[in-house]
Every structure is written in C-alpha cells, then in structure tokens.
Protein chains: 2
Amino acid sequence: MINKLVEKIKKTKAPVVVGLDPMLSYIPEQIKQKSFAEFGETLEGAADAVWQFNKGIIDCVYDLLPAVKPQIAMYEQFGVEGLRAFQKTVDYCHKKDLVVIGDVKRGDIGSTSTAYAAGHLGKVAVGSSRLSVFDEDFATVNPYFGTDGIQPFLDVCKEEKKGIFILVKTSNPSSGEFQDRRIDGRPLYEYVGEKVAEWGGQLMGDTYSYVGAVVGATYPEVGKIMRKVMPKAYILVPGYGAQGGTAKDLVHYFNEDGLGAIVNSSRGIIAAYKQEQYAHFTAANYADASREAVLAMIRDLDSALQQSV
Amino acid sequence: MINKLVEKIKKTKAPVVVGLDPMLSYIPEQIKQKSFAEFGETLEGAADAVWQFNKGIIDCVYDLLPAVKPQIAMYEQFGVEGLRAFQKTVDYCHKKDLVVIGDVKRGDIGSTSTAYAAGHLGKVAVGSSRLSVFDEDFATVNPYFGTDGIQPFLDVCKEEKKGIFILVKTSNPSSGEFQDRRIDGRPLYEYVGEKVAEWGGQLMGDTYSYVGAVVGATYPEVGKIMRKVMPKAYILVPGYGAQGGTAKDLVHYFNEDGLGAIVNSSRGIIAAYKQEQYAHFTAANYADASREAVLAMIRDLDSALQQSV
C-alpha cells in the first residue's frame, strides 16, 4: 500500500491528504435539515448528515488527491451509527480509488493491539470465515506501549501489505510535555523515531517503508531532524493551515526525491466555504469550495517545494 | 462516580474489576453455534456470541463486584456490529448497577479528544438535543499528547461527575521502552504520574480524585513508588493472574485506608472454565466457573491485604 500511496502522490503531484473530520458545525444547514427531517435529531440523523457531507466532498475532490484521512473520533462520538458512517466513508473512498488512512490512534498491549490491527487493517476469524472489517489502508498508532504494542500491527501490515503511521511528535501545543522530555540530552520523540526506523526496516516497500510516522507541521525544526532519523519513513504531517503550519515550514519534511511526506488539512478543506476567501461559493456549494481549497493547497506546497530546490 | 466506585468497593469488599475482553476462543461452542446458526459466520454472528457470553457472565457475577471493564478492541474488531455488542454490554451492566470502566485508551489532540470524551463519557449535541452515546462511567486515556489532550476529558468528567484512568505504566513486557526512559534520573512514568496528581487535584471526590491511573501488576516496585506520587488517584491495576501479577505483589498499590486500587482480571475470570481447577464446571456452566474464580480472586487479594496490615 505504501507503493500505491507513493505512485498516487507522483501521479496527482499532490503530497496532500484531506482529513475527513466532520464536526456538525461544519456541515451546511441544508444537509443537516434533510437528515434530521428523515431521522430526527438523533445519532442516526447526525451520522447521516456526516455521511452526506463527506460524500459531497469526496465526489468533488477525489480526482485531485492520493488519499484521505478520516478521523474516527468524529464518527465514534455518534456511537454505533456514527461508526457506520465511518465504514461507509471508507468504503466509498475505496470505490473512488483513494488511499484511506484511518486516523484511529489506537495502541494497547500485544493481545489487544492484535484485535485493533485485525479490525482496522486485517481480517478477523469468525468460525471458518476470515472477514474484512473497517479495512482501512493505513492506520495511525500510538507508541506508548513499546514494541509489543506495535508488533501486531507490523504482522498485519506484512500480511496485508498495508501500513501504519506511528505518532512521533504531535501537532498540539502541549505535545512537548512528555514527547520533548530529554533523555541523555535528546528528546523522547527522537527515540520513538529511531524505533520507527527500526520497525520499518523489516517492512520495506519499493522506496519507502510500510511504517511511517506522524510529525506535526507546527514543529518544523523537529521535522527537519526527524527526516534524517527516519529516512525511509513516510511522514504524515498534520497541523497545516488551521493549526498554523505553513508550506514553507514543511519543505524539510520531504526528501531530496521530492517524496517522503504527505501533508494533511482537515478544517481548511472540508469547511473551506466558511472562510472569507471561499464564501462566494455559499453553503450550497460547499464541496466546490473544498475543491478550490485543495487546488490552492497543492499550489502552495508545490511552490514552496520548487523554491527549496 | 469515583464516590460510587469507592462505596461499591467498600460494600462488596472486593477491589476487583472483571475485564470483559471476550475473544471468540474463550466462548463455549454451544454459544457460538447458536449465534452462527442464527446470523451465520458473520460479524453479526460473532457480535451476538460475544454479547450472549457476556450476559451469562454478568448475570452470574454482578452481585460480587463493584465494576467491570470491557476492552473495546475486542468488540471493535467485529466492526459496527461488535460495537453494538459493546453498547449492549455497557447498558446491561448499568442495569445491574455495575460501574463500567470503558477500556478504550483513547487520546488525541484537543479538539479530537473532545469528541472522544463526549462519545464515551459525556453527551453530544445534535441539533437542539444533547444525547448520551456509549455512556461509560470511566474511560482509560493515553497521555502521550500532554495536557491539551487530557483537558477535554477533565471538562467532561467535571460536568458529568465521571472519571478517567490515565496510562502511567502499562503491564506489557516492553512498556519500559519509552515509559522507563530516564529524564534527570527519573523515569518518564513518574512525570506522567505527577501530571495525573496535578490534573486530579482539580477534580476531587470525597476521598479520591476523578482522575485515576493505570499501573500494571507486573511492575510491583513501580506500584509502590507511584502510590506515593499520586496519593489521591485510584490505581487501576491490570496484569493480575494470566499476565503474572500476584496478590502479594499488589499490597503496595493500596493506601493505608485499604482503598486506592482496583485490580483487573480478564482471561482468569471470563475463561476460568478452561483452567484445570475449574474444568469440572464444563463449558456449559462457564459462568459458574467465572463466579468461582471471582470469589477466589477476592479471597486471594483479601488474604494478601490482611497479611500486610
């Protein structure tokens, strides 16, 4: 799957992933009204609105992009019905040939990680059947448990040719509280990054590993260092746009081959119609606004990368 | 909810939580056959078997216990249908007046943690409605993001009078890879424990905080230290029994009031009928075997605590 992701990034010339993190406040009134009229102001109604909203955006942007990244929390908050909308979103993105990065940030002790890995990336055994479940292409994983929490994901990735992105340095303001703690003079995230490189060494695709890392756009100096620590890891970069990361900050997350990083934007794309510069689209054409925002993001990154050569 | 948990522990004289972590291999054939006959060897069939298995155990042990701890991964691996079984399990445990600790180990940046906190402990807004979703009483939370990943859980706990257990030192063999890394001579988990005490100071119940911690039974020396670092935090202790922790190891996880810790056993209870000592119950009476195993665990802990006085 990392090979497919790299191929699609080359083909679309877009090292960009759209975060499908729909909050109800992002969803235009006309969609919510229709869903609530059918299902009431219920979890089912909310889940339907989320799904309709996503579908509109996917239909309008899928040809521009290599990948999408649904954030499962935004679905899970609506319970079983919300998770059904997550499932429908993953399935629909696959139909559109998009690579799906499940932003699930799971992680637990070994036997439990095995269940998460099976449910999100692999297959579960039920009697004599082996069934796919959520079936994302990649999942994000929390490293706090160490190797035996990660190993089940590696095993499934090997079998299914799928991938993971391990949290190394997250984009939020207080990520430094634990991640930046210095151990013999070096921050914790560097040790995590070294493990990412080690784990990923066993699982190489053509040029990049099945095992990538998350490094936030909001800490560009960290990105520069981690690029060297994990040369074969694709870096998934959250925090561009709404959280404050700029394209100029991100050039060092890429390798000299122009690859090695994929930048996420969520709010900045899916709620673009709420920004002044895209307000002329109006809520009725929210997905067209998202398309314009994707095109602008691709141009922005391309321009920064060209200047850095 | 921490007050209710403490009251129930006092009343049952059982600082014990049963982990409802059903793997299909634990479930007696007669239950699986019935579920598969009705729903096929499908995710729905697996989820039904899990739910029927849980119900049998809950009916047989609820009067002995203060709390249960369903591990969501074991349900999530069966997708939407599995999560419906999780929901049914939580609801049924509430009917039996059990405190429910959702072992979800969620954690993310602030806005995303807000969604997890709402979905698992709080309420979500849908139009003008505010709806409960999974509605556990406590949830386990991963600290890797620092304060702004935890704060949304604290906010919901305050509003709903619920609680969290933050991962400090996990029970698995490789937990030391990152958690034991030394920062100015002290391990990372101590820094996390200090933050648990700090976060919990804002949210005190009558004698213990709404904010507890997870410290594995497999590291008793750590338990002894962390008891002092976080005197007002309830410690949720996984790793007793099947993972190797013994009752004698655990006395220092408790305070002098005989409270302050609650010990989890999963496999050792729910799959008791597979152990030689309970094999006479046979698979048909698996839940009676679980009841015997709960009683034995309560005696084991009580005896160790009496000897330590």
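Predicted model: local features only at pLDDT ≥ 70, side-chain atom pairs only at ≥ 80, totals over all residues.
A residue counts as buried under 20% relative accessible area, as exposed over 50%, and as partly exposed in between.

**First stop: two loops of chain B**

Select B:Asp135, in the loop between strand S5 (129–132) and strand S6 (138–141) of chain B. Its relative accessible area is 25%, so B:Asp135 is partly exposed. Most residues other than glycine have a negative phi.

Proceed to B:Asp184, which is found in the loop between strand S8 (182–183) and strand S9 (186–187) of chain B. B:Asp184 is likewise not a glycine, and its phi is positive, at about 50°. With 72% relative accessibility, B:Asp184 counts as exposed.

**Second stop: the barrel of chain B**

Display the strands of chain B in the order S1-S2-S3-S6-S7-S10-S11-S12; these 8 strands form a closed barrel with parallel pairing. On average, neighbouring strands of this sheet are turned by 30° against each other, direction ignored. For one pairing in detail, select residues 67–70 (strand S2) and residues 99–106 (strand S3) of chain B, which pair in the parallel sense over 2 bridges. Within this pair, B:Val68 has B:Val100 of S3(B) as its bridge partner.

Keep H10(B) in view and select helix H9 (residues 188–201) of chain B; the two axes come within 9 Å and cross at roughly 35°. The crossing of H9(B) and H10(B) is right-handed. Which residues make the contact? From H9(B) they are B:Tyr189, B:Glu190, B:Gly193, B:Glu194 and B:Ala197, and from H10(B) B:Val222, B:Ile225, B:Met226 and B:Val229. By class, 6 are nonpolar, 1 is polar and 2 are charged.

Turn to chain A and select residues 261–265, strand S12. Here 5 of the 5 residues are buried, so the strand is largely enclosed by the rest of the structure. A:Ala261, A:Val263 and A:Ser265 lie on one side and A:Ile262 and A:Asn264 on the other, and both faces are covered.

Two neighbours complete the view. Strand S1 (residues 16–20) of chain A pairs with S12(A) in the parallel sense over 3 bridges, and A:Val16 stands opposite A:Val263. Strand S11 (residues 235–237) of chain A also pairs with S12(A) in the parallel sense over 3 bridges, with A:Leu236 opposite A:Ile262.

Note on methods
Residues numbered from 1 in each chain as written. Chains lettered and ligands numbered in written order. Heavy atoms only, no water. Pairing = 2+ DSSP bridges. Helix = DSSP H or I, 4+ residues; strand = E, 2+ residues; numbered from the N terminus. Axes fitted to C-alpha atoms, helices over the stretch in contact; angles between N-to-C directions. Left-handed = near helix turned anticlockwise from the far one by under 90°. Contact = heavy atoms within 4.5 Å. Nonpolar A, V, L, I, M, F, W, Y, C, P; charged D, E, K, R; others polar. Buried < 20%, exposed > 50% of the residue type's maximum accessible area, 1.4 Å probe, protein only.
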